[in-house]
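Hello,

Here is the model I promised to pass on. Please have a look, and my notes follow below.

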Protein chains: 2
Amino acid sequence: MIPKGFRAAAVEAQMRYKNRPDLGLIVADSFQASAGVFTQNICQAAPVLWSKNRIARGRAVLVNAGQANAQTGRGAGDRCLLSAKAVADRLGLVTDEVLLASTGVIGQPLNIEALLSAVPALIKGLSRDGFDDFSRAILTTDTAPKTAWAEIPFERGHSASIWGVTKGSGMIAPNMATTLGFVLTDAAMEPKLLRSILSQTAESTFNRVTVDGDTSTNDSLFIIASGSARSEVITGGSDADVFKKTLLKVLDSLSRQIIRDGEGATKLVEIRVQGARSREEALLAARTVAESPLVKTAFFGGDPNWGRILAALGRSGADFDPYRVDIDIDDLAWVRHGLIFGREMDAQAAMRKKEYCLTINLNNGPGQDRAVTCDLSYDYVKINGSYRS
Amino acid sequence: MIPKGFRAAAVEAQMRYKNRPDLGLIVADSFQASAGVFTQNICQAAPVLWSKNRIARGRAVLVNAGQANAQTGRGAGDRCLLSAKAVADRLGLVTDEVLLASTGVIGQPLNIEALLSAVPALIKGLSRDGFDDFSRAILTTDTAPKTAWAEIPFERGHSASIWGVTKGSGMIAPNMATTLGFVLTDAAMEPKLLRSILSQTAESTFNRVTVDGDTSTNDSLFIIASGSARSEVITGGSDADVFKKTLLKVLDSLSRQIIRDGEGATKLVEIRVQGARSREEALLAARTVAESPLVKTAFFGGDPNWGRILAALGRSGADFDPYRVDIDIDDLAWVRHGLIFGREMDAQAAMRKKEYCLTINLNNGPGQDRAVTCDLSYDYVKINGSYRS
């Protein structure tokens, strides 16, 4: 399943957690191109600043879980350099070829001693079978590893595929990757094209999911192409379209896995907004509904309280006539012309499903967009209300 | 305590609740001026639309709890007319002198039969002692009535005072009154000046509190001046300043009572932001921190997790250097230059208080503003996750 040209490993570095892998490494043994997207938060973690400046050359990714290395002061950059150097020296790379990503508590100095002590074992452990361990090493409050794979159905040429792994459960909001994600492919892509395709596909997948509206300081999504599958570099045309479609599929799967594993989540709800004056207003409306605590608790309680949805739409900034709004739950015509239309018991039944889609038509223009969210449950409060989760 | 010139009453109309008063009335027996501010939500309840058009003449206020009369279709306006007419006819007023306010579930047709049946007893019950009953009749998920009173310390002239009553616990967000509020005074105020003073004082009190960021469809805040205390109408000068200061005190008390009684709330936290580039950015920053689910659950857990505050500031839209941010909890210097400074145990102790103030200095300009919020607890989810609260 893993595209050709990559190895991975994970170890228990005990940087903050005990008795679980918390440091992972992926290396591209052959390297063709890489690209990344990063958090838009003004407070950017040291590994984000490090990786942003080196993304186009990055062929190795070192990731730790438990400490975000964000707001850790001027020593933070040195710790990044030491980490990257330790890996680069042992792999025969230059430090600028090592990307870094961290996730965990903000404001705690990175336990660099523990990290450096663990690097030799990490390098030694690199193998084609190391990806399962890696996918577990990057988790924090996540309850399960999250991976996705798809073959790229090129019309001609060697077979190639895309594999991705992600983590994220809280501090998830639509503004960039909103989590860590690492995507590998053995296709060969012209670097500028790869960058552009990653931005576009991340925008419609990772940037459309929300658990709590809280954008993280550490969000990073990397893609590395090994080029191992075919010699010809894709520069555009139908092969680029096929690649983009496949990447979209992988990122869509990964981003939905994040929502399904959202802190305390019991439901996944996709909010599709149509008929807005513009795409921007559609997105505003979708996000406001997706982040409304009253709507999210109603999802949790399975309460078809459509008035809360109307109220959230009404404060979203999108313009519309309240008495022209239609809402469907999956294929149930629930609200028509701003008034209840479907039977309450049918709406209740629809909201009992683990996953469903609300389609909101504002009937005010051509704009459409969406957001994918989860419900707000007791367990969200439990996970985040307990001391220093 | 109640300013001269007003009577009130409440009855069990059984419009939605049983065995509790749910319909209240206030009447100004002498009338001098009135003013109001209303929700900015695009979905505005029928009583909001009714009262907006009649606010300057309103000398009676009919309020029901349990049904919002929002998104109830074209019949909603007729129901408003019938309600106002029933009260006006019996009081010898014209319908345009009766203001209406409703709070409760959105989308349920107003139980107009129950309301009309209850009006005779309501009118009969009007008295100078009816304000306690009134303050209870307007509650929904509130756990306690909320009133405030202050004497207006005019330098000369008759003594006068301001009394206010409010309700609100969930669907509370800073955009207009975010709740129902009724304020009475026996001072005499030039109507345009009264309007301007109400807008200004509501902006810095009711419009700075948030429970869940969800702006209601029914938010209304009225002030009625009976003019019973002094004959001279205030048109400006130091008397207007004194009046404004007193009104500010009353509204500040009322709006804080809402936060203290916020759904599931165990803490009241004031977020003061200083040193922003502009007042607008200060308000953005204060609201983003005040509405962040991760920050609010940390308040609930008493966890001095300052990284979550930095992360919320960083996505607020305010511009600043993360390493120039200072944060105090009350008088504890907690974060300096974007890094932890105070002792963790001191921060824990400060956060154990029922009420405290976070002062955030972005050190990037002259802008300052604030937001007042509560924590996010299990009980918020319980109250709103149970069927049709």
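By what turn and what shift along the axis can chain B be laid on chain A? A turn of 180 degrees and a shift of 0.0 Å do it, with an RMSD of 0.0 Å (least squares on the C-alpha atoms of residues with pLDDT of at least 70 in both copies). That is the relation of a two-fold axis. Of the residues of chain B, Y378(B) comes closest to this rotation axis, with its C-alpha at 2.7 Å.

A word on conventions: this is a predicted model, where local features need pLDDT of at least 70 and side-chain atom pairs count only at pLDDT 80 or more, while totals for chains, interfaces and linings use all residues. Residues are numbered from 1 along each chain as its sequence is written, chains are lettered from A and ligands numbered from 1 in the order written, and side-chain values use heavy atoms, without hydrogens and water.

Now the interface. Chain B gives 55 residues to the contact and chain A gives 56 (heavy atoms within 4.5 Å). The copies meet through the same surface, because 100% of the interface residues of chain B are also interface residues in chain A. About 4,600 Å² is buried between them, 57% of it from carbon and sulfur atoms (accessible area, 1.4 Å probe, lost on being put together and summed over both parts).

On the side of chain B that touches chain A, the residues divide into 23 nonpolar, 23 polar and nine charged (Gly counts as polar).

Best wishes

Conventions. Buried area = accessible area lost by both parts, 1.4 Å probe.
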